[in-house]
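Dear colleague,

Please find below the structure that I am handing over to you, followed by a short account of what was found in it.

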Amino acid sequence: MTTSLAPRPACSDCDLQAGLVDVEIARARLLADVHPVRGVELVSLSAAARRVLANPVLATSDMPPFDRAAVDGYGVGGPGPGPFQVVGYLPAGAGGLPRVGAGEAVRLLTGAAVPEGVWAVAMQEGCRVDPHSGVASPTLLQDANIRRRGEDFQAGEAVLEAGTRLDPRHLALLAAVGVGDVAVRRRPRVAVPSAGDKLLEPGMPHAPGAIHDSNRPMLAALLRGMGVEILGLGLLPDRRSDIAAALERASGCDAIVASGGVSGSEADHLLGALHDAGGHGSWCAVALKPGKPLVFGGIGTARCLFLPGNLVAALVSGILFGRPLVARLTGAVDGGLKSLPARLASGWDRKPGREEFAPAMVGPDLVVEHISKPGSARLMPLVAADG
Ligand SMILES: Nc1nc2c(c(=O)[nH]1)N[C@H]1C(S)=C(S)[C@@H](COP(=O)(O)OP(=O)(O)OC[C@H]3O[C@@H](n4cnc5c(N)ncnc54)[C@H](O)[C@@H]3O)O[C@H]1N2
Ligand code: MOO
């Protein structure tokens with residue numbers, strides 16, 4: 001059991017201070033022995049969004065399953081211009097395909113199976129149809145406007161790997177493969193409490209000295225989008241014994257992601273309460289702005305990540321630490337945040353010493369406009385930002 005006191009800044013002009021840990025190192029420390037939850041369940045495709053695939057998926061048939069017309073037109077028996085005698089009519093879904101000879105054509109609608117002998121499909125806009133001589137087409141390259149069987153994937157091919165977090169594209173692919181129910185990992189159960197006597201439940205009337213709990217809906221939504229079950233642990237009061245009791249109650253979950261009460265003052269009881277409740281944890285000062293003070297630990301089966309109370313700090317550290325923790329628990333293999341090099345539209349006066357995240361507007365050619373006066377508790381720049 002280790003508890004360290006919050007190191008205080010050495011100077012007021014910069015964020016350099018002894019003992020700050022780089023974000024990467026802190027994250028590696030947090031994730032060191034975190035493993036995906038055990039347990040697999042079968043869910044229908046309609047309930048599978050955001051869930052994480054338990055097993056790889058192999059295609060059981062080719063896609064497309066047969067040669068298909070990509071346009072409405074005529075499947076012609078040669079490169080054109082014809083004329084070709086029209087010998088059949090095939091809408092999508094029709095079977096019993098005729099063989100098309102050299103001087104023949106077949107009327108095809110988009111998605112229809114292309115019969116044997118068809119050289120290419122001529123788009124109807126480029127064709128002239130004469131009731132006597134047949135259809136005249138432009139000159140066509142072989143296979144034009146035909147989607148060949150198996151060109152997307154072939155039977156036996158691994159189309160999705162275990163650990164894929166299912167998004168709309170994956171659901172389309174699973175349906176195309178013929179999957180109805182899919183084996184996914186159990187959803188991790190994550191408790192998301194907020195700490196502080198000063199907090200009001202959303203919707204409660206304003207009260208002197210109090211503010212509404214913005215962090216809980218924000219963090220719950222951030223993590224719920226990753227396919228976890230969020231458990232209500234409510235608001236934690238500034239009483240160590242009550243916090244310890246709440247943490248003990250949540251000790252059977254897979255994670256507790258709390259916010260507030262971690263900066264180390266006499267009113268910040270989370271770490272002490274975690275120890276009282278039989279858990280373990282330590283304070284970590286991260287070289288991150290906003291979002292410096294964090295607590296990493298565990299109790300029972302639950303990993304503990306306690307984030308700072310300032311809401312932008314809670315969001316930034318929720319993204320940089322909460323999401324990777326939850327991703328690891330879900331067993332997802334997605335790589336997390338992608339960053340792109342961009343250019344600042346104007347100078348940014350900042351102190352050295354901490355990796356800094358600020359709400360920004362991203363313009364054309366990745367020119368980034370810094371939104372004025374950001375702050376770790378200011379919501380409006382956050383809401384105005386798109387990067
Ligand atoms: N002497 C020092 N003071 C502070 C330091 C420091 O190093 N030395 N660190 C600062 C940093 S950085 C941060 S971030 C905050 C973290 O504070 P806590 O995690 O202890 O959070 P609280 O004190 O409970 O609240 C801070 C702030 O955030 C508001 N808050 C808290 N919870 C919520 C919520 N659920 N929804 C909306 N807003 C919330 C709270 O009202 C406070 O204004 O500490 C600095 N102090
Ligand atoms: O973690 Mo704090 O003030 O940098 O938001």
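Predicted model: local features only at pLDDT ≥ 70, side-chain atom pairs only at ≥ 80, totals over all residues.

Strand 27 covers residues 367–370, and two bridges join it to strand 24, the two strands running parallel. Both belong to an open sheet of three strands, in which the order is 24-27-26 and the pairing is mixed. Strand 24 (343–344) and strand 26 (360–362) form the edges of the sheet, each of them pairing on one side only.

Ligand 2 sits in the second largest pocket. The residues around ligand 2 are P290, G291, K292, P293, N310, A313, R354 and S376.

Which contacts does an oxygen atom of ligand 2 make with polar backbone atoms? One such contact is with G291, where the distance to a polar backbone atom is 2.4 Å. Another is with K292, where an oxygen atom of the ligand lies 2.8 Å from a polar backbone atom. With R354 the side chain takes part: one of its N or O atoms is 3.3 Å from an oxygen atom of ligand 2.

With kind regards

Terms used. Residues numbered from 1 in each chain as written. Chains lettered and ligands numbered in written order. Heavy atoms only, no water. Pairing = 2+ DSSP bridges. Helix = DSSP H or I, 4+ residues; strand = E, 2+ residues; numbered from the N terminus. Near = heavy atom within 4 Å. Polar contact = N/O pair within 3.5 Å; in protein donor to acceptor, adjacent residues only side chain to side chain. 1 Å grid on protein atoms, 1.4 Å probe; cavity = no way out; pocket = protein on both sides within 12 Å on 5 of 7 lines; lining within 4 Å. Sits in = over half its atoms within 2 Å of the grid points.
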